[in-house]
Structure formats: structure tokens, C-alpha cells
Amino acid sequence: KAMNGPMIYFIIPILGGIPITQTTVSSFLVMVILCVAGGILGRNLQKRQPSGRQVLVEKLITVLYDMVADTMGQHNLYWTPYIGTLFLSSALGSLIGMTGFLRSATSDLSTTLTWALITSILVWVCSIRTNGVWGWLKGYAEPVAVMLPMNIISEIAQPISMAFRHFGNIMGGGVLTSLLYSALAAASSLIFGWLPGLLGEIPYLQVGIPAVLSLYFDIFSGFVQALVFSLLTMVYVGNACPPPEVE
């Protein structure tokens, strides 16, 4: 299952047909979960006697703001909601595949490529706002004009690299888990197949071992890739949005 592309559930018959795939459903559910969680965690906020839930949420938000300030600078703190949304969407989009009936949104290249393209567009917008259109275009020919082709290739390679890095790690983990799960079933049948009746059909080796591997491939790797993608976004956007010059 992990080696196949996302299954198409149905097609909306407008604009030439809009396919609703597993990735679409997973991404929509991630959006709903984040919206609902935000609404619940943002209710009944108190200044004098905050609840334990409020204290925890405020601490996590403070950590996020501090990370953005350290990476992008204090003048770029307004990017924090976008960075937080990107991280949560990536992490939850990877974890949702653990349900067994939903596909990880990040195991589809279209998801990670869309995020990477958004980051590139933000970098271009920040650069144009800082240097102007002519200054932005002239930057591709610096430090010398002969670097123009290389700078253009680098600009194109940036979102592709970000997208494939995230997609490849999540998809690769899913493929390895599926292959190992099948290998354990075959090994279990080979080793314990001599047992009589139903006892010989039980996949003993599939009990426990895949769960341990899932801790790494699905949970740890999912959070690491979300953090790496968010950090790269902060670095790229932060470089395009330098602090204002002091007059």
C-alpha cells in the first residue's frame, strides 16, 4: 500500500474533473483537527488564574516565538503563525498515516512540493519588498554576470530539494515498514507453520516488532522532518527579509 500512489475516492465533475484522493482527505482532516484544536485551546483564557492547559500552550507558543526570533530575527516575528502552522501540518500530516486507514499527507510529493513552492514565493516577495523588482532581478547576476545561470538553477533547485527531502523520508519509511511487515509474515509462516491448525497461521513475528519500528519511522521521523522543513523555511525567508537598516 505504501508503494502505490494515493487512491482516488471520487471525482468532482467540474473544471474538467477534480479528483479527491487519499491525500486530499488526509489533508482536509488535518486542517479540521488543527482548527478544532485551536478553538478548544483558545477558549476561556485567563490572565490572573490560567489553567494548566493554558500555561502549557503559552509555554509552547513562547518556545516557537523564541525559535523564530533566534533563526529569523526579532523583526520577523510576524512569521511565527505561518511557521507554527507549517510545522503542525507537517507533523500531523505524517502521523495521520498511523491510523491504518488514512494515508500520510506528507507521503505525497504534491503536498511537500506545494509547501516548498509557497516558501519560495514568500522568499521572492520578501526580496522584492526589500530590494525592489529590479534589485531582486539584479541579484541573480551577482557577484558576476556569469553566475546568472547558476543562481537561477539554484533558485529552482531549492523548492525541489525541500519537497523531495521531506517526501522521500516519509515515503521511504512507509515503504521500509511495509516490506519488513511482509518479511516478518513470511518468516513467521516459515518458522511456525508446522504448528497444528490456527496456531500455525498466527503471524507471531508481526506482534511488537512493527510497533517498535513505527516509533521511529512514523513518530520520530515525522517530527524531525517537520522540524527540518520548518527550519529551512525560516532560514530561507529570514535571509530574504534582513533587518531594516538603521538610519
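Me: What should the 20 residues of helix 1 span at 1.5 Å a residue, and how far apart are its end C-alpha atoms?

Reply: The expected span of a helix is 1.5 Å times one less than its number of residues. For helix 1 (residues 22-41) that should give 28 Å, and the end C-alpha atoms are 28 Å apart, which agrees. This is a predicted model, in which local features need pLDDT of at least 70, side-chain atom pairs count only at pLDDT 80 or more, and totals for chains, interfaces and linings use all residues. Residues are numbered from 1 along each chain as its sequence is written, and side-chain values use heavy atoms, with hydrogens and water left out.

Me: How many helices and strands does the chain have?

Reply: Helices (H or I, at least four residues) and strands (E, at least two) are DSSP runs, numbered from the N terminus. Here there are six helices and two strands, in the order β-β-α-α-α-α-α-α along the sequence.

Me: Which residues of helix 1 are buried?

Reply: Buried means under 20% relative accessible area, exposed means over 50%, and partly exposed lies in between, using a 1.4 Å probe and protein chains only. In helix 1 the buried residues are Q22, T23, S26 and V30. Seen down the helix axis, they fall within an arc of 95 degrees, so they line one face of helix 1; the arc is that of the directions from the helix axis to the C-beta atoms. F28 and C35 are exposed on the other side of helix 1, and C35 has 55% relative accessibility.

Me: What do the buried residues of helix 1 pack against?

Reply: Contact means heavy atoms within 4.5 Å. The buried residues of helix 1 pack against strand 1 (8-12), strand 2 (18-21), helix 3 (80-95) and helix 4.

Me: Which residues make up the largest nonpolar core?

Reply: A nonpolar core is a set of buried Ala, Val, Leu, Ile, Met, Phe, Trp, Tyr and Cys residues joined through side-chain atoms within 4.5 Å. The largest one has eleven residues: V68, M72, W79, I83, L122, V123, C126, M234, V237, A240 and C241. Helix 2 (52-72), helix 4 (109-138) and helix 6 (209-240) each supply at least two residues of this core. A second, separate core has seven residues, including A116, M162, A163 and L232.

Me: How many disulfides are there, going by the distance rule?

Reply: A disulfide is a pair of cysteine sulfur atoms within 2.5 Å. By that rule there is one disulfide, and C126 is joined to C241 with an S to S distance of 2.4 Å. The torsion about the S-S bond is about 95 degrees, so this disulfide is right-handed. C126 lies in helix 4 and C241 in the segment after helix 6, so the pair ties together parts that are 115 residues apart in sequence.

Me: Are C126 and C241 buried or exposed?

Reply: C126 is buried at 2% relative accessible area, and C241 is buried at 5%. Leaving aside neighbours within four places in sequence, C126 is in contact with W79, V237, A240 and C241.

Me: Where is Q54 found, and what does Q54 touch?

Reply: Q54 is in helix 2 and is buried, with a relative accessible area of 4%. Not counting residues up to four places away in sequence, Q54 touches N44, L45 and Q46.

Me: What share of the 247 residues in the chain is buried?

Reply: Buried residues make up 31% of them. Among contacts between residues at least 6 apart in sequence, 65% join residues at least 24 apart.
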